[in-house]
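Have the model open as you read.

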Amino acid sequence: MPVTPVQSSPAAAYQNPTTTARIPQRTLGQEDFLKLLVAQLSAQDPLNPQKDTEFIAQMASFSALEQARSMQSEMSRLRSEQQFLLANSMLGARVELLTQSGEVTSGPVEAVLWDNGAPRMVVAGQVYDMSEIRSVALFTPNPNPQS
């Protein structure tokens, strides 16, 4: 008996698992709220519409959500700026660092860099993260160097 191949559509033959898998979102945004609002308004009973007070309560909740999101973004920006100011205030100060490899090094802060939204310090020609600081001391050069 001869075997005949089964024909299928070209679209059915190709299935990309990355495009068929759905990635769930954990937060709702403004777009999601507006979609829900439009769906709710279009599906409501014309003889028994939603009360104005319920609609106003939903809008107030949405407004509070947007304000909280905006405040969170501003706080994050403020925290980054504060870290940068702190790093700049250490210019010239002597720091002791515990590196990620476990070594202890020290020296004056020569420069401050902004790297991927976080300040980093240059000590003895090497770049270090602020989290590696163990101590900070005012750097004062010896006024009477011995010859």
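## Arg-120 and its partner

Arg-120 is partly exposed, with a relative accessible area of 23%. Please keep in mind that we are looking at a predicted model. The side chain of Arg-120 forms a salt bridge with that of Asp-115, with nitrogen and oxygen 3.6 Å apart. Asp-115 is partly exposed too, at 38% relative accessibility.

How many salt bridges does the structure hold? There are 5.

Let us turn to helix α4, which covers residues 52-89. Here the side chains of Arg-69 and Glu-66 meet in a salt bridge, at an N to O distance of 3.4 Å. These two residues sit 3 residues apart, about one turn of the helix. Arg-69 has a relative accessible area of 32%, so it is classed as partly exposed. Glu-66, with 24%, is likewise partly exposed.

Further along, Arg-77 and Glu-81 also pair through their side chains, and this salt bridge has an N to O distance of 2.7 Å. The two are 4 residues apart in helix α4, so about one helical turn separates them. Arg-77 counts as partly exposed at 43% relative accessibility, and Glu-81 is partly exposed at 38%.

## A buried glutamate

Which side chain of opposite charge is nearest to Glu-132? It is that of Arg-120, 5.9 Å away. A salt bridge needs a nitrogen-to-oxygen distance within 4 Å, and Glu-132, although buried, has no salt bridge.

Glu-132 belongs to the loop between β4 (126-129) and β5 (133-137). What does its side chain reach instead? The side chain of Glu-132 comes to 3.1 Å from the backbone nitrogen of Gln-100. Setting aside neighbours within four places in sequence, Glu-132 is in contact with Glu-96, Leu-97, Leu-98, Thr-99 and Gln-100.

## The aromatic pair

The structure holds 1 aromatic pair. It is formed by Phe-84 and Trp-114: the ring centres are 5.0 Å apart and the planes stand at 90°, so the arrangement is edge-to-face. The pair connects distant parts of the chain, with Phe-84 in helix α4 and Trp-114 in strand β2 (residues 104-115), 30 residues apart.

How accessible are the two partners? Phe-84 is partly exposed, with a relative accessible area of 27%. Trp-114 is partly exposed as well, at 43%.

## Positive phi in two loops

Asn-116 has a positive phi of about 55° although it is not a glycine. Asn-116 lies in the loop between β2 and β3 (118-123), and its relative accessible area of 78% makes it exposed.

Ala-124 is another non-glycine residue with a positive phi, of about 55°. Its place is in the loop between β3 and β4. Is Ala-124 buried or exposed? At 53% relative accessibility, Ala-124 counts as exposed.

Key:
Residues are numbered from 1 along each chain as its sequence is written. This is a predicted model: local features need pLDDT of at least 70, side-chain atom pairs count only at pLDDT 80 or more; totals for chains, interfaces and linings use all residues. Side-chain values use heavy atoms; hydrogens and water are left out. Buried means under 20% relative accessible area, exposed over 50%, partly exposed in between (1.4 Å probe, protein chains only). Lys and Arg count as positive and Asp and Glu as negative; His and the chain ends are not counted. A polar contact is a pair of N or O atoms within 3.5 Å; within protein, one must be able to donate a hydrogen and the other to accept it, and residues adjacent in sequence count only if both atoms are side-chain atoms. Contact means heavy atoms within 4.5 Å. Rings of Phe, Tyr and Trp (its six-membered ring) pair if their centres lie within 6.5 Å; planes under 30 degrees apart count as stacked, over 60 as edge-to-face and the rest as tilted.
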